[in-house]
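Biologist: Hello! Could we go through this model together, one question at a time?

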Amino acid sequence: MIARFREFLQGRVLFVARGNQLPRFINEGIRQGIVFYKTQRSEKGVRAQVKIQDFRRLKRPARLTHTRVRIVAKYGWPFVAARWWRRKFLLAGIMIIGVALAVLSQMILSISVSGNTTISSQEIFDSAEKHGLKTWTRQDSVDLNEVSKLLVEEFPDAAWVGISKHGTRVEIKVVQKVRPQVPGEAGNLVASKAGLVQQVMVIQGTPLVHEGEIVKPGQVLIQAPKAIHNPSARPRTDRQLQQKDYIPEIVSAAKGFVRGRVWYSAEAVVPYYEERIIESGNVAKGWGIKFGARVIMVTTPESPFNLVKEEVQYHGVTLWRNWRLPVEIVSVQYSELQKKQIERNEMEARQAAEELARAEVHETISPGARILEEKVRVLEQADGERVRIEVESYEDLAVYPEE
């Protein structure tokens with residue numbers, strides 16, 4: 001290993017000598033102190049290696065023996081250094097780019113904010129810059145933990161502020177305080193849906209309906225009392241007006257319960273014969289390379305199936321930290337689809353239609369409602385079963401209107 005390394009540092013010249021006096025040529029070279037390495041005799045002449053400084057000394061033996069010497073290859077560090085010296089400007093450019101990348105990798109090039117809802121991102125940027133966190137700043141010159149503490153102190157609505165570093169990018173994550181939410185108890189109580197009123201209980205306000213009346217959606221059930229002026233109430237500030245969860249000092253709202261009967265219905269049809277498209281389980285995969293908007297598939301450029309579902313994923317190529325190549329790896333998965341004929345008898349189709357209709361009805365029933373009665377009606381259908389579900393429930397009809 002050491003000998004090969006020494007040979008690389010010294011450099012070697014591989015040549016071919018042709019002539020009628022090759023033995024005399026070799027002897028003359030040895031007489032002058034030239035060392036021949038890896039000498040080989042062939043039909044075309046003699047192949048050998050010599051040091052760089054010894055190659056020039058071969059002129060005299062070659063002239064005396066009328067031998068032609070031709071260089072085949074050059075090997076070693078001196079030739080590599082000479083080649084790079086001829087490209088010194090390219091080497092200098094590579095070194096400058098390397099130094100620039102090393103310097104830029106130690107700086108903050110971009111800052112992002114996430115998690116903020118009522119706090120403005122620009123306010124966070126301005127505050128962070130005031131505390132030393134800004135772009136084109138050395139990363140080791142900013143204490144991120146200290147900046148996060150100062151941001152929490154400056155913004156009362158922020159419960160926690162975390163600052164993480166991802167290469168040259170800094171991300172500020174904000175977790176805002178969860179304020180107590182109150183229902184929108186403001187204004188009149190209106191009917192959420194049509195129904196037959198059976199019970200009215202007023203706590204605050206004026207009732208506008210009585211038991212036995214049929215109400216329509218949006219109809220006012222209990223009217224809110226008039227607002228009472230309170231001289232001690234404090235006006236809202238601009239920040240409080242922007243907050244959706246602000247609790248006002250005085251709320252003028254109707255309060256009470258209006259319960260009644262509500263009817264729901266839904267229909268579903270299930271055929272006796274149905275054709276569905278399902279996955280067969282056969283999968284083929286392929287991958288390719290994406291340059292801009294152009295995609296070149298390396299393997300499986302087209303789907304091997306007639307009926308197929310394609311799932312395409314793109315994977316970026318990252319060389320170092322956040323430096324990404326303008327090339328993406330594309331992976332495609334082809335899942336074969338096939339048509340399947342489903343046959344049902346009368347009982348199976350009716351049961352499936354009943355389940356679909358019942359599921360549709362229960363999606364519209366208010367949570368907490370009490371089911372009073374459920375009717376299942378089978379209607380006429382030529383090529384399947386048609387089922388209608390009718391449900392009667394008892395629930396609270398009064399709600400506050402949405403703003």
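Biologist: What is the strand order of the open sheet of 4 strands?

Modeller: A word on the source first: this is a predicted model, where local features need pLDDT of at least 70, side-chain atom pairs count only at pLDDT 80 or more, and totals for chains, interfaces and linings use all residues. Residues are numbered from 1 along each chain as its sequence is written, and side-chain values use heavy atoms, with hydrogens and water left out. Strands are DSSP runs of E with at least two residues, and helices are runs of H or I with at least four, numbered from the N terminus; two strands pair if DSSP finds at least two bridges between them. With antiparallel pairing, the order is β12-β14-β10-β22.

Biologist: Thanks! Which strands stand at the edges?

Modeller: Each edge strand has a single partner, so one of its sides is left without a neighbour in the sheet. These are β12 (206-207) and β22 (398-399).

Biologist: Is V209 buried or exposed?

Modeller: V209 lies in the loop between β12 and β13 (214-215). Buried means under 20% relative accessible area, exposed over 50%, and partly exposed in between (1.4 Å probe, protein chains only). At 1% relative accessibility, V209 is therefore buried.

Biologist: And with which side chain does the side chain of T65 make a polar contact?

Modeller: T65 is in helix α4 (residues 59-65). A polar contact is a pair of N or O atoms within 3.5 Å; within protein, one must be able to donate a hydrogen and the other to accept it, and residues adjacent in sequence count only if both atoms are side-chain atoms. At 2.7 Å, the partner is the side chain of T67.
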